[in-house]
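Visitor: I am new to this structure. Please take me through one part of it closely, and then show me what lies around it.

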Amino acid sequence: MAVQLIFILHLIVGFYFHVSALERRDSRYVKFPVVHSTNKDVFADFGDRRAITTVPLANRSDVAYYAQLNIGTPPQQVYVQLDTGSFELWVNPDCSELQGSADVRFCQAVGHYDSASSSTATKLAGTKSLRYGIGSADVQYVTDDIDLGGSDSQLKGVQFGVATDTSDEFSGILGIGHGQNMTIRYKNFIDELEDQGVTETKAFSLALGSKDEQEGVVIFGGLDTGKFTGNLQTLPIIAAEDSPDKVPRYWVNMTSLSLTPPNGKTKQYENTTMAVFLDSGATLTLLPTDLANSIAEDFGAEAMDANGFYSVNCSLNDLPGTLNFAFNGVTIRVPYNEVVRELQTSSGTQCYLGISPSDEFTLLGDTMLRSAYAVFDQTNNAIHLAQYVNCGMNEMEIKDGTDMKAIKGDCDAPAAKNAVSMSSSSVAATPTRTASTTEVAKTDSPAAATTTIGSAGVGASTMAESSSPRIHLGWWTKLATATFWVVMAKRGLS
C-alpha cells in the first residue's frame, strides 16, 4: 500500500511541476523582486545604524532599490541597483575606499563577480569610465551568461562592465534605459531580453512599492494588474532631439502639479506644464527652484539648509495630504509619507522634503515613483502610467499587439489616511534639526552621469499578495487533472 501511495504522490507532484514549467515557457516575461534598502528583514545584519551619521547624505539614500542577478557558470549572486535613468550594467564596487565600517560591510554584502571563476566568461578589449555626480566607476567589459531567477530562462553572452576602480559606489547598477544605437554601441540588458526571445517586446513594468511594503517588483516583458487602479494611460516618450538634454531618456510631458492638504482644498501651482523624466535611480524629485520653494513653504520648511535641502516636521508623515502629479489622462497622487524622507540617525529621527530645486534638470525620482505604476515601453516609445495600489497579483505578458490603454487595474483607489484636518491649504510645521548633508540627484548620459547611490542591500523576500481569480483557476485546473491521474493510477494498481 505504501508503495502505491508513493507512486501516486510522484504522479501528482510530477504532473504539477510539468504544468508549471509549461506555463513558464508559454509566458514570455520574467520578474524580479525589487528590495528596498530599508527592509529590516533583508538588512537586519547590515550594521550599526549610528554609523550612518559618519557618511554624507549624498552617499546614502533613505530608500534605494535592488535586484538580484546570477551571473556566470556556475552562477555567482550579485545585487545591483535598479536604474531607469542609466543604460549599462556593471558590478563589483570597490568597498575598500568607503568610509565607515557599516558602509564597507554593506558593500561587501552585495556580492562579487569573478570572471575567472566562470567557464562562460569572455574578457573584451573595451573599457569605459562611468562618471556619476557622487561617484564613478572604471569598468572592463566582459560577456557572460545571466540566469534569470524565478524562471527557466537564461541570457547568453551578455556584455557588462566589471569595475576595476570605483569611487563612492555601494553597489553595481543595472541600467534599464535605452541601449544599442541610442546611447551605447552594444546591446544592453533590455535589448538582450528581446533579442534572445525571453520577452516579446522591449517593455517592462515597475512597481517600487511603498515605504511600508519595503519591496516591489519589476516584470520584464509583462505587467501585473494587481498593482494599480484604473486604466493605464499612454504617454508618448519625448524624442531625444526634442527633450531638454537631447539624450534618449524616459522623458514625458507633465501637465500640472498641485497640493491637496489634509483639509481637502487643492492648491494648483503655476507654470507646472513641463517635460520630466522618470528615474528610479534618483532618490529625490528635482523641480525648478521657484516651484520647489513654493512646495517646501507649503510643507512648513522655513528655508533650504546649507546643503540645499528642506527640513520638515516628521509629523507630516501621519497626515492624509497628497502632492499631485498630473499627466494626460492620469494624476499620480503621492501621499505625504512618501514625499517626506525620514532618516534614523544617532541624534534621532530627522525629516526632509523629498524634493530638491534644480533649474538645469527636472526629474521624478523615487519620492514620486513609489506612488506610480509605470510600464516603460521602448517598443512603442511610450510610458503607460497608473496610480500604484497593491491588491494582489495578476500577471500578464506584454505582446506586440497588446492594447495597453484597454488594460485596467484590479485595485480600488487608495484610501486616504485618517488624520485631523488642518484649517488652511498650508501644512506648515516646525522644522526639525538637520544633519550636515550633501546630495545630488542622478542623471546619466552616454558619456557621463550624476546619481544618488544609496545603501545597497541583499536578499529578497516575497511581497504579501493575495491570490487573483486567475491564479485560483489555474490551481484548481491542476488539482482536477492530478486527481484524474490518481484515479487512473489506483485502477492500474488494483
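Guide: Strand 2 and strand 3 run antiparallel and are joined by 6 bridges. Strands pair when DSSP finds at least two bridges between them. Strands (E, at least two residues) and helices (H or I, at least four) are DSSP runs, numbered from the N terminus. Leucine 69 has valine 78 in strand 3 as its bridge partner.

This is a predicted model, in which local features need pLDDT of at least 70 and side-chain atom pairs count only at pLDDT 80 or more, while totals for chains, interfaces and linings use all residues. Residues are numbered from 1 along each chain as its sequence is written, and side-chain values use heavy atoms, with hydrogens and water left out.

Stay with the hairpin. It has 4 residues between strand 2 and strand 3. Glycine 72 takes a positive phi there, near 95°. Proline 74 also lies in the loop between strand 2 (65–71) and strand 3 (76–83). The peptide bond from threonine 73 to proline 74 is cis, with omega near 0°. Most peptide bonds are trans, and most residues other than glycine have a negative phi.

Strand 2 has other partners. Strand 1 (residues 30–36) pairs with strand 2 in the antiparallel sense over 2 bridges. Valine 35 has tyrosine 66 in strand 2 as its bridge partner. Strand 6 (residues 135–147) pairs with strand 2 too, again antiparallel and over 2 bridges. Here asparagine 70 stands opposite aspartate 147 in strand 6. Strand 2 is mostly covered: 6 of its 7 residues are buried. Buried means under 20% relative accessible area, exposed means over 50%, and partly exposed lies in between (1.4 Å probe, protein chains only). In a regular strand the side chains alternate between the two faces of the sheet.

Strand 14 (residues 256–260) pairs with strand 15 in the antiparallel sense over 2 bridges. Serine 258 has glutamine 268 in strand 15 as its bridge partner.

Asparagine 181 has a phi near 65°, a positive value in a residue other than glycine. Asparagine 181 sits in the loop between strand 8 (172–175) and helix 4. At 69% relative accessibility, asparagine 181 counts as exposed. Glutamine 214 is not a glycine either, yet has a positive phi of about 65°. Glutamine 214 lies in the loop between strand 9 (203–207) and strand 10.

Next, the rings. The structure holds 13 aromatic pairs. Rings of Phe, Tyr and Trp (its six-membered ring) pair if their centres lie within 6.5 Å; planes under 30 degrees apart count as stacked, over 60 as edge-to-face and the rest as tilted. Phenylalanine 189 and phenylalanine 220 have ring centres 5.4 Å apart and planes at 70°, so the pair is edge-to-face. This pair links distant parts of the chain, 31 residues apart. Phenylalanine 189 is in helix 4 (residues 189–195), and phenylalanine 220 is in strand 10 (residues 215–220). Both phenylalanine 189 and phenylalanine 220 are buried.

Phenylalanine 277 and phenylalanine 361 make another edge-to-face pair, with 5.3 Å centre to centre and 90° between the planes. They too link distant parts of the chain, 84 residues apart. Phenylalanine 277 is in strand 16 (residues 274–278). Phenylalanine 361 is in the loop between strand 22 (355–357) and strand 23 (363–364). Phenylalanine 277 is buried, with a relative accessible area of 0%. Phenylalanine 361 counts as buried at 13%.

Phenylalanine 277 also meets a charge. The charged end of arginine 249 sits over its ring, 5.1 Å from the centre. That label needs NZ of Lys or CZ of Arg within 6 Å of the ring centre and within 35 degrees of the ring normal. Elsewhere, ring pairs link Phe32, Phe189, Phe204, Phe220, Tyr250 and Phe376 into a cluster.

Last, the whole chain. It has 8 helices and 28 strands. Of its 494 residues, 55% count as buried.
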